[in-house]
Amino acid sequence: MNTLIALAISPVGTGDELSSDVAEVVKVIRDSGLPNKTSSMFTEIEGEYDKVMEVVKKATFVLAEKGIRTEVVLKMDIRPGYTDTMKGKLDRLEEHLK
(Lines give C-alpha, C1' and ligand atoms only; values in the text may rest on other atoms or scores of the structure.)
Protein backbone atom coordinates (compact mmCIF):
# COMPACT_ATOMS: atom_id res chain seq x y z
CA MET A 1 0.00 0.00 0.00
CA ASN A 2 1.36 3.43 -0.94
CA THR A 3 2.83 5.30 2.01
CA LEU A 4 4.12 8.85 2.28
CA ILE A 5 6.22 9.70 5.32
CA ALA A 6 7.86 12.78 6.75
CA LEU A 7 10.94 11.71 8.64
CA ALA A 8 13.54 13.44 10.78
CA ILE A 9 16.45 11.40 12.08
CA SER A 10 19.04 13.23 14.13
CA PRO A 11 21.88 12.50 16.51
CA VAL A 12 21.57 13.48 20.16
CA GLY A 13 24.50 14.63 22.26
CA THR A 14 27.03 15.08 19.47
CA GLY A 15 27.38 18.87 19.60
CA ASP A 16 25.85 21.89 17.94
CA GLU A 17 26.52 21.09 14.28
CA LEU A 18 24.64 18.02 13.09
CA SER A 19 24.87 18.34 9.30
CA SER A 20 27.59 15.71 8.73
CA ASP A 21 25.66 13.04 10.68
CA VAL A 22 22.37 14.03 9.05
CA ALA A 23 24.05 13.85 5.63
CA GLU A 24 24.88 10.18 6.26
CA VAL A 25 21.21 9.52 7.00
CA VAL A 26 19.99 11.40 3.92
CA LYS A 27 22.47 9.51 1.72
CA VAL A 28 20.90 6.19 2.76
CA ILE A 29 17.47 7.57 1.88
CA ARG A 30 18.57 8.96 -1.49
CA ASP A 31 20.41 5.74 -2.36
CA SER A 32 17.19 3.75 -1.71
CA GLY A 33 15.76 4.67 -5.11
CA LEU A 34 12.43 5.67 -3.56
CA PRO A 35 11.03 9.11 -4.36
CA ASN A 36 12.25 11.51 -1.67
CA LYS A 37 12.65 15.18 -0.93
CA THR A 38 14.69 16.80 1.84
CA SER A 39 13.91 20.16 3.43
CA SER A 40 15.50 21.92 6.37
CA MET A 41 13.48 19.94 8.93
CA PHE A 42 12.28 16.68 7.34
CA THR A 43 12.82 14.26 4.52
CA GLU A 44 9.75 12.89 2.74
CA ILE A 45 9.84 9.37 1.30
CA GLU A 46 7.12 7.67 -0.74
CA GLY A 47 6.60 4.07 -1.77
CA GLU A 48 5.16 0.75 -0.71
CA TYR A 49 4.85 0.51 3.08
CA ASP A 50 7.38 -2.30 3.60
CA LYS A 51 9.98 -0.65 1.37
CA VAL A 52 9.56 2.73 3.05
CA MET A 53 9.87 1.20 6.51
CA GLU A 54 12.97 -0.73 5.45
CA VAL A 55 14.58 2.58 4.43
CA VAL A 56 13.53 4.16 7.75
CA LYS A 57 15.22 1.31 9.62
CA LYS A 58 18.43 1.50 7.56
CA ALA A 59 18.59 5.28 7.89
CA THR A 60 18.00 5.14 11.64
CA PHE A 61 20.69 2.57 12.25
CA VAL A 62 23.32 4.55 10.32
CA LEU A 63 23.82 6.58 13.49
CA ALA A 64 22.76 4.04 16.10
CA GLU A 65 25.30 1.48 14.85
CA LYS A 66 28.02 4.09 15.46
CA GLY A 67 26.94 4.28 19.10
CA ILE A 68 25.16 7.59 18.64
CA ARG A 69 21.89 8.17 20.48
CA THR A 70 19.36 8.71 17.70
CA GLU A 71 16.10 10.64 17.73
CA VAL A 72 13.43 9.77 15.15
CA VAL A 73 10.32 11.79 14.33
CA LEU A 74 7.99 10.07 11.86
CA LYS A 75 4.64 11.07 10.38
CA MET A 76 2.86 8.71 7.96
CA ASP A 77 0.07 9.13 5.42
CA ILE A 78 -1.24 5.79 4.18
CA ARG A 79 -3.84 6.50 1.51
CA PRO A 80 -5.25 3.50 -0.35
CA GLY A 81 -5.80 4.03 -4.06
CA TYR A 82 -3.37 6.94 -4.40
CA THR A 83 0.19 7.15 -5.72
CA ASP A 84 2.55 10.07 -6.30
CA THR A 85 1.09 11.81 -3.26
CA MET A 86 4.29 13.72 -2.52
CA LYS A 87 3.63 15.80 -5.63
CA GLY A 88 -0.13 15.30 -5.92
CA LYS A 89 -0.93 16.81 -2.51
CA LEU A 90 0.90 19.99 -3.45
CA ASP A 91 -0.73 20.14 -6.88
CA ARG A 92 -4.20 19.92 -5.29
CA LEU A 93 -3.28 22.58 -2.75
CA GLU A 94 -2.02 24.96 -5.43
CA GLU A 95 -5.29 24.54 -7.36
CA HIS A 96 -7.19 25.83 -4.33
CA LEU A 97 -4.83 28.78 -3.97
CA LYS A 98 -5.47 30.09 -7.51
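Two strands pair if DSSP finds at least two bridges between them. The views below come from a predicted model.

View 1. Four strands make up an open sheet, and their order across it is 2-3-1-4. The pairing between them is antiparallel. Strand 2 (36–38) and strand 4 (69–78) are at the edges. Each of these two has a single partner strand, so one side of each lacks a neighbour in the sheet. On average, neighbouring strands of this sheet are turned by 20 degrees against each other, direction ignored.

**View 2. Strand 2 beside strand 3.** Strand 2 is joined to strand 3 (residues 43–48) by three bridges, and the two run antiparallel. The link between strand 2 and strand 3 is a hairpin through four residues. Which residue of strand 3 stands opposite Thr38? The residue opposite Thr38 is Thr43. Lys37 has Glu44 in strand 3 as its bridge partner.

**View 3. Strand 3 beside strand 1.** Six bridges connect strand 1 with strand 3, and this pair is also antiparallel. Ala6 has its bridge partner, Glu44, in strand 3. Glu44 is also the bridge partner of Lys37. In a regular strand, side chains alternate between the two faces of the sheet.

View 4. Asn2 is part of strand 1. Is Asn2 buried or exposed? The relative accessible area of Asn2 is 11%, and buried means under 20%, so Asn2 is buried. Leaving aside neighbours within four places in sequence, Asn2 is in contact with Glu46, Gly47 and Glu48, as well as Asp77, Ile78 and Arg79, and also with Tyr82, Thr83 and Thr85.

**View 5. Polar atoms around the side chain of Asn2.** The side chains of Asn2 and Glu46 make a polar contact at 2.8 Å. A polar atom of the Asn2 side chain also lies 3.4 Å from the backbone oxygen of Tyr82. Both Glu46 and Tyr82 are among the residues in contact with Asn2.

Terms used: Residues are numbered from 1 along each chain as its sequence is written. This is a predicted model: local features need pLDDT of at least 70, side-chain atom pairs count only at pLDDT 80 or more; totals for chains, interfaces and linings use all residues. Side-chain values use heavy atoms; hydrogens and water are left out. Axes are lines fitted to C-alpha atoms, for helices over the stretch in contact, and angles run from 0 to 180 degrees between N-to-C directions. Buried means under 20% relative accessible area, exposed over 50%, partly exposed in between (1.4 Å probe, protein chains only). A polar contact is a pair of N or O atoms within 3.5 Å; within protein, one must be able to donate a hydrogen and the other to accept it, and residues adjacent in sequence count only if both atoms are side-chain atoms. Contact means heavy atoms within 4.5 Å.
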